[in-house]
Amino acid sequence: MRLTVIGSTALDSIETPFGKKEDILGGSATYASLSASFFVPVNIISVVGTDFPKKYIRMFKKRDINTSGLEVKERRTFRWKAKYNYDLSYAETLGTELNVFEGFRPVIPPKVSPKDNLLLANIDPHLQSFIFHQIKPAGLVACDTMNLWIEHSKKELLKLLKKVDLFLLNDAEARQLSGENNLFEAARYIADKGTKMIVIKKGEHGALFFSKGLGFIVPAYLLETINDPTGAGDTFAGGMLGYLSSRRKITDRVLRKALVYGSIMASFAVERFSADGLLKTKSKDIKNRYEHFEKLTRF
Ligand code: AMP
């Protein structure tokens, strides 16, 4: 099965306690697609400007990411500027330039089948919803978001939640969306909106999974070096959806493993700035971390 990923493709300017980089490769669709491509072939649906380096498009193609849905427009690429605090738990957005995303309404390429699983990675819920209705997906549909959209497009996001099978967000976003401090209550609020499975990501403390039949907690993979947490959530979502798409049937065991793969993939992303950690990763590194993860969590 293939996975279709929609979301942002960006040039980020990031400052963490460990360095400062300008106009580096970023975006929710970038991290999610790269992460998922370790498990299944991916279609990316996004847009960049003519200032987006061509080498990144070549890199996507090399990794079995179909770029026929990646439009290039005569405008500037989406840009995000952010600064992280010392414990890397919070990104302060210093600027968001939508640029090419303003009014973007893509034509879905023929290679994208409604049978593919769909990951609506973080972007304006109006656009997520537009693409959902264009594709009319028959497979598993997952959705991610962020504080900006909860603040400005909550109504559209809640409408979309009725249609998605799996919703991923971080703890602060879950509290913001639900108005509940307790994460159980926050998950219940989201479930009441119609989403069957919910993942609440908690940064270095791992992630919580809620559904009617299964509750599961996955730790974050313990690392000695973290340089840039940008994209951890998108990489988690890509790893999780990539693994689920590689399986014939979604059982409880498969869901648990998918969360573990999400956690492991995120660990590669945060070791280096931009997507450099993911680009350096080999399949055997994933296998090694999976085995180590099993040892660290068995009791
Ligand atoms: P994460 O660290 O997983 O929350 O995602 C960070 C990525 O999301 C960065 O590479 C940004 O380019 C991208 N991003 C930041 N703000 C937005 C936004 N409002 N819409 C879509 N993508 C965004």
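**Charged residues, one by one**

User: What is the relative accessibility of D64, and how does that class it?

Analyst: D64 has 47% relative accessibility, so it counts as partly exposed. Please keep in mind that this is a predicted model.

User: Thanks. Where is D64 in the fold?

Analyst: D64 sits in the loop between α2 and β5, the latter being residues 65-73.

User: And what is its backbone doing, say phi of D64?

Analyst: Phi of D64 is positive, near 65°, and D64 is not a glycine. For context, most residues other than glycine have a negative phi.

User: Which other residue has a positive phi without being a glycine?

Analyst: K136 is one, with a phi of about 50°. K136 is placed in the loop between α3 (125-135) and β9 (141-144).

User: Is K136 buried or exposed?

Analyst: K136 counts as exposed, because its relative accessibility is 62%.

User: OK, new topic. Which residues make up the patch of positive charge on the surface?

Analyst: The patch gathers K54, K55, R58, K61 and K62. K54 belongs to helix α2, which covers residues 54-62, and K61 is in helix α2 as well.

User: How accessible are K54 and K61?

Analyst: K54 has 51% relative accessibility and therefore counts as exposed. The cut-off for exposed is over 50%. K61 is also classed as exposed, since its value is 53%.

User: How far is K61 from L119?

Analyst: Their C-alpha atoms are separated by 19 Å, and K61 and L119 are 58 residues apart along the chain.

User: Let's do salt bridges. How many are there in the whole structure?

Analyst: A search of the whole structure gives 10. One of them joins the side chains of R75 and E102, with an N to O distance of 3.8 Å. R75 is in the loop between β5 and β6 (78-84), while E102 is in the loop between β7 (91-97) and β8 (117-120), so this pair ties together parts that are 27 residues apart in sequence.

User: How accessible are R75 and E102?

Analyst: R75 has a relative accessible area of 39%, so R75 is partly exposed. E102 is at 45% and therefore counts as partly exposed too.

User: Which residue does K196 pair with?

Analyst: K196 forms a salt bridge with D165, and the closest N and O atoms are 3.1 Å apart. This pair links distant parts of the chain, 31 residues apart: K196 is in the loop between α7 (183-192) and β11 (197-201), and D165 is in the loop between α5 (154-161) and β10 (166-170).

User: Are those two buried or exposed?

Analyst: One of each! K196 is exposed, with a relative accessible area of 55%, whereas D165 counts as buried at 15% relative accessibility.

User: What about R289: what is its salt-bridge partner?

Analyst: That partner is E271, with the closest N and O atoms 3.0 Å apart. R289 lies in helix α11 (residues 283-297) and E271 in helix α9 (residues 252-271), so the pair ties together parts that are 18 residues apart in sequence. R289 is at 14% relative accessibility and so counts as buried, while E271 is at 21% and counts as partly exposed.

User: That E271 value makes me curious about the cut-off. Where does buried end?

Analyst: Buried means under 20% relative accessible area. E271, at 21%, is therefore classed as partly exposed.

User: Which residues form a network of salt bridges?

Analyst: D23, D51 and R79 are linked in one.

User: What is D234 in contact with, leaving aside its neighbours within four places in sequence?

Analyst: D234 is in contact with G27, S28, Y31, A32, N122 and D144.

User: Last one: where is E151, and how far is E151 from S68?

Analyst: E151 lies in helix α4, residues 147-152. E151 is exposed, with a relative accessible area of 58%. The C-alpha atoms of E151 and S68 are separated by 32 Å, and these residues are 83 residues apart along the chain.

Terms used: Residues numbered from 1 in each chain as written. Predicted model: local features only at pLDDT ≥ 70, side-chain atom pairs only at ≥ 80, totals over all residues. Heavy atoms only, no water. Patch = residues over 30% accessible without salt bridge, like charges linked within 9 Å, V, L, I, M, F, W, Y side chains within 5 Å. Areas by Shrake-Rupley, 256 points an atom, 1.4 Å probe, with all protein chains shown as cover. Salt bridge = Lys/Arg side-chain N within 4 Å of Asp/Glu carboxyl O. Lys, Arg positive; Asp, Glu negative; His and termini not counted. Charge placed at Lys NZ, Arg CZ, Asp CG, Glu CD. Helix = DSSP H or I, 4+ residues; strand = E, 2+ residues; numbered from the N terminus. Buried < 20%, exposed > 50% of the residue type's maximum accessible area, 1.4 Å probe, protein only. Contact = heavy atoms within 4.5 Å.
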